[in-house]
Every structure is written in C-alpha cells, then in structure tokens.
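Biologist: Please take one part of this assembly and walk me through it closely, from its overall division down to its individual pairings. I would like the cut-offs behind each term stated as you go.

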Amino acid sequence: MTATAALPPTHALAEARPASQAYRSAFIALLARDVIVVRKQWKSFIVRTLMQPLLLVFVFTYVFPKIGQGIGGTANADQFSTLLVAGVLGLAIMFQGIQAVALPLVQEFGYSKEIEDRVLAPLPVEMVAIQKIVSGVIQGLIAAVLVFPIAAIVPATPVHLHINWLLLLTVAPLAGWVASALGLALGTTFPPTQVPLLFSVIVMPLTFLGAVYFPWSHLESIRWLQIITLLDPLVYMNEGFRASVTTTPHMSLWAVYGGMIFFATLFTVVGVRNFRGKVIS
Amino acid sequence: MADDIIRTEGLSKVFPGGRPVGGRPASPEVVAVDNLDLTVRRGEIYGLLGPNGAGKSTTIGMLTTRVTPTSGQAYIGGVDVVAKPAIAKQVIGVVPQTNTLDRALTVVENLELHGRYFGMRPAAARVAAFEMLERVRLADRAGAPVASLSGGMAQRLMVARAIMHRPQMLFLDEPTAGLDPQSRIALWEILQEFHADGQTILLTTHYMEEADQLCSRVAIMDHGRILALDTPAGLKRSVGADTIVRVSADGGNLDVLAAHLVDAVAEATSAKVIDGAVQLDTHKTAGLLPRIIDASEQVGYQVTDLSVTEPTLETVFINLTGKELRE
C-alpha cells in the first residue's frame, strides 16, 4: 500500500468488503438518502400527497351532498362516502408511485444524470432499482396514513368504517409495492419529453377506471368495462382497501391478493430489466 | 505484477449495428475498443490520450462496470470487474463526463451520503466530508445547494466525492472538458495533491497539455487501440527530432515540397503534409529557417508562413495517425 500518511486514518485505501455487508450498508444508505430528501422537502411532500384526496373527498362527499347533488342518489350518500375511503387510500398510494418513483427517475435518467452516480454505489444495479421500489413503498404508506383521516373526517355524511387489521396491514404494503413497481417501470420507459403522455395515457385511465368511485362489482351492468378494468392494477388495490376498512361489497380476496402480487411482480421484473438496460451498455 | 492495479487482457467492446429504420439503412457495428491490453501501476497517473471516438470513454466504462465487454478480461486490485462488478465498485471512484451531483442535497451532504453508500458510519462520513471539502477548497460552500456551484466547483466536488471512500483507483473521464483555463489549473493542482498522497489515477483526455503536465504515463489511443505508451518525455523523444517546423507555402503540391525538403535540409528526419502545411521534423541548428526558405524557393514555392515548436504529444499523435488530435 502506498503512502497515505497525509490523510487521516479513516481514509485507509478501500479494500473490498464481503458482498453481503457492502450491499446491505449501501442499500440502507440509499434509503437514508431518500428519507433525507423527503424530510428536506416535507412541505411539498405533504401538499402533493394531500391536495388531490382532499379536493376529491371535499367535492364528492361534502359539497355534493350539501347541494343535493349526491352521487348515486342522495339517499346513498353515506354509502358513497364510505366506499370512497378505500378509493382515496388506493389513489394516494398510486400517486406516490408516480411522484416518488417514476417522476424522479425520469428526471435522473433524462436531465440530471444523477442516477449515474447511484449506480456506482457498491451493490448490484438491480438492487439500486429495488431500493427505489422500497423507498416508494415507504412513502406510499406514509401517504396512506396522512390521507386516511381526511377520508374519514371531511365527508358531510357519516363514514362507516370497519377495519380488518390483518387485511389492512397486508393490503397496504402490497398496494405500495404495486404502485412503486409501476413507478419504476414507467420511470425507466418514458423520456422526459413524454411525461405529459404518461399522465394522459397511463395515469388518467388507471385512476378513473380503477374502482376509486365505485366498487368493481357494480360494473356488472357494463360487462365489457368490468372485464377491461381487470387490467388496471388500481382495481385490486382499491378492492383490497374496501375489504380492509369497510363492509361495502368487494372483489374476492383471492382476486385481490392474486391481482396485486401478479402486477407487482410483473412491474418489478419489467422495471428492473429496463433499469439495468438503461445504465449498463 | 503485484504492483499493477489495473490489468486488462484482450478487452474489447463491439457495439452492435442498428437495424434499418424506415428508409435508413442498417448502421454498421462499431468496434469501440479493440483487444486492449492495459496495465496501470499503483501510484501513477495514467492518461488515455486520443480524439473523440477513440474508445477512451468506452474503456473507462468497461473498467467502471458500466459497459459490459464483448470479450476479454479486466482486473482492478485483483477483483474481476466483469464477473464481480458489484465488488469491483467498492474499490473504484469515478468522475464521469457529466455533472451527476445529487441536486436534492447540499454540497456537504453529497459527500456525506456518498461515504455512507460505501459503508462509512454517519458521523465518520460527516467528518470526512468536511475534511474533503477543505482539500478541494469548497469548505465555504458546505451548506450550499449544488445547483449554485460553478462548473469548476462542481467538478472539484465530483472529484472529492469520487475519492471520499479512498478508492484504490480513481477514474476521471475528460475531467477538464468545458472548464475555463483557471478552473482547469485548479483541478490539476488538486489531482496532483491527491496523487502525491498515493492516489492512483486513470484519466482520459483529448487535451495534450493535460496529458503532458499531469500524467506519469500516457497511452495514445485511436480507433480502439493503444498506438504508443510511454512517459510524456519518452513519447516526445520518440519523434526523433527536437524541433518541429511548420511550413506554409504557395506554388504547387505540398507533398512534392515535403519530399524535397527532407532531401534538401540535412537535419530533417521526416516531413509530411498536415492540415494544409508541411510539417518538418528536424534538429535545431543555426541558419535552419533561411535554408528551409531557400530550399523551398529553389523548387518554385513561396513560403508564406513558418512556425517553430518543440515536439509535443500532438506531434506524436500526428506522426502515429497522420491526423490532428482535435478534428
């Protein structure tokens, strides 16, 4: 080893550490980086997380019933407020997947090239991609916790919650995984110039048809739409939340878990493969 | 050899050709790096000098795990870079061509987090980050957002970041491209300080002054191959002349003039036409220039300009490839 006397002892030349140790500490440090960034930008995190659900719940479950323009008839206003709670939770998590994973990745691949440095961290590049998903799950869960009180308190008509903790504590992380993995897949596919397209072609249909405003089973009378919406991962997330926090009708739990695991796995595989393809030539 | 820190054997990268798109024909495959055997010794500054497209960045890309070689092997500090890229990343530091600083973090946080990626504890990373800022003269900018840094400062911060975890090998890809002369010199000084502390460095450049001033050894690269490798002084000696005279002249074919001058001027060792002028490799003697003018006029040429320089790495490159570095 060459002379390093001029440098403090913490700076002894790096020797390769065992893989598992190096990977773990790098993974945790990358997560710590995301936590630091969210903490620095907590105001914008709160605003971006709360604004949409707040307006949604306010207009649909406060304004509409008050002005006698209830959705599904004023008589069903309670029921609507209740089923919307689940939809708002799913939506909040889905948007975190876009905002916390997809959009930053589009930036980092496109303009800032920051990703170039993070892929040089001492762990496999696939784990850098997975770390983005984990970070998105954490932010999605925080978003869900923030949004929940709004969905329960703002409506003018009573919300009837019935929480099944076992379901909630399994559905929520799975939903976070689906959304973040989707974020990874989208963030590694769309160049910065096509972000508006991402919203109009992917995010809008996904959210409007994602069983946010209606239980999936109610689509029975429009059979073709009911079948098409099975391709929307948000449907399974929202139906899962519906089963977790309300007694409104919901999809079979087999379909809920199966659908979420299927889409989460699919998006993870696609996202990680895209990620690797973009950073290694 | 135990003192070799980088060793490559037959390292090659062929980028596949593009498939035909619309009316455009298929693009041919590109051999970016061609069977490269490269050895970097511990403690040296090794320079890859060559024009754009010579394969320098692809070489760095392969050594830093970002480009998968088509064939061949590469070892850094005994770690097989191709087979174990995630392990190899522990012992290298990289300053890429573009600014890849973390915009969401401050100057000091960029270093701190980087240290933590490489396994430093938070407190130790913070201490080391401030020390490193002192060394790259950015201590007064610790809390600033990185977006506020000038190009030269950002580059110094990237060097500090790359070196935070004391890599066995520091890679810099065109480190001073686009920097103003002052920032370039400041960066050279910092690299020389780290080198004095024992840091081994591999850099690519297309500035011959940079290769000349900074590097212990320089490999001249073109079309994916190393054409010559020596100390800057050794490379310049290889020209076999101590004086380079560029002769601009009117009156006919310059190739004919070049051939005539090598015969007519006793000290001249070789001559060729480069970029619209005759380059005469020669030895300094009294009355050299008048004799060149006379010899030119004898065969009907009017000398319009004469310039005299010592051989540079540019001369070496020209002699090896018949073209200038900056094309």
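Modeller: Chain B is divided into domain 1 (4–101 + 149–236) and domain 2 (240–310), with bounds that come from an automatic or database domain assignment. The C-alpha centres of domain 1 and domain 2 of chain B lie 37 Å apart. This is a predicted model, in which local features need pLDDT of at least 70 and side-chain atom pairs count only at pLDDT 80 or more, whereas totals for chains, interfaces and linings use all residues. Residues are numbered from 1 along each chain as its sequence is written, and chains are lettered from A and ligands numbered from 1 in the order in which they are written.

Taken along the principal axes, the C-alpha atoms of chain B fill a box of roughly 75 × 50 × 45 Å. Chain B holds eleven helices and 14 strands, where helices (H or I, at least four residues) and strands (E, at least two) are DSSP runs numbered from the N terminus. Of the 327 residues in chain B, 46% are buried; a residue is buried if 20 or more other C-beta atoms lie within 10 Å of its own, exposed if 12 or fewer, and partly exposed in between, with C-beta atoms placed from the backbone. Among contacts in chain B between residues at least 6 apart in sequence, 68% join residues at least 24 apart, a contact being a pair of residues whose C-beta atoms, placed from the backbone, lie within 7 Å.

One sheet of chain B is open, with four strands in the order 2-1-4-5 and antiparallel pairing; two strands pair if DSSP finds at least two bridges between them. Strand 2 (30–41) and strand 5 (79–80) of chain B stand at the edges with a single partner strand each, so one side of each is left without a neighbour in the sheet. Strand 1 (residues 4–15) of chain B is joined to strand 2 of chain B by eight bridges, and the two run antiparallel; within this pairing, Lys13(B) has Val33(B) in strand 2 as its bridge partner. Helix 1 of chain B packs on this sheet, where it touches strand 1, strand 2 and strand 4 (71–76) of chain B, and its direction makes about 65° with that of strand 2. Such angles run from 0 to 180 degrees between N-to-C directions, and the axes are lines fitted to C-alpha atoms, for helices over the stretch in contact. Helix 1 (residues 56–63) of chain B is mostly covered, with eight of its eight residues buried, including Lys56(B), Ile60(B) and Leu63(B). Just after helix 1 of chain B, Thr65(B) takes a positive phi of about 75°.

Another open sheet of chain B has six strands in the order 6-7-8-3-9-10, with mixed pairing. Its edge strands are strand 6 (92–95) and strand 10 (225–230) of chain B, each of which pairs on one side only, and neighbouring strands of this sheet are turned by 15° against each other on average, direction ignored. Strand 3 (residues 45–49) and strand 9 (residues 217–222) of chain B run parallel and are joined by four bridges, with Val218(B) in strand 9 as the bridge partner of Gly47(B). Helix 11 (residues 313–321) of chain B packs on the sheet, touching strand 3, strand 9 and strand 10 of chain B, and its direction makes about 40° with that of strand 9. Strand 9 and strand 10 of chain B pair in the antiparallel sense over five bridges, and Asp222(B) stands opposite Arg225(B) in strand 10. These two strands form a hairpin with two residues between them, and His223(B) in the turn has a positive phi of about 50°.

The contact with chain A takes 33 residues from chain B and 36 residues from chain A. On the side of chain B, the elements that give two or more residues are helix 2 (85–88), helix 3 (107–117) and helix 4 (122–135). By class, that side has 14 nonpolar, ten polar and nine charged residues, with Ala, Val, Leu, Ile, Met, Phe, Trp, Tyr, Cys and Pro counted as nonpolar, Asp, Glu, Lys and Arg as charged, and the others, Gly among them, as polar.

Definitions and conventions. Two residues are in contact if their C-beta atoms, placed from the backbone, lie within 7 Å.
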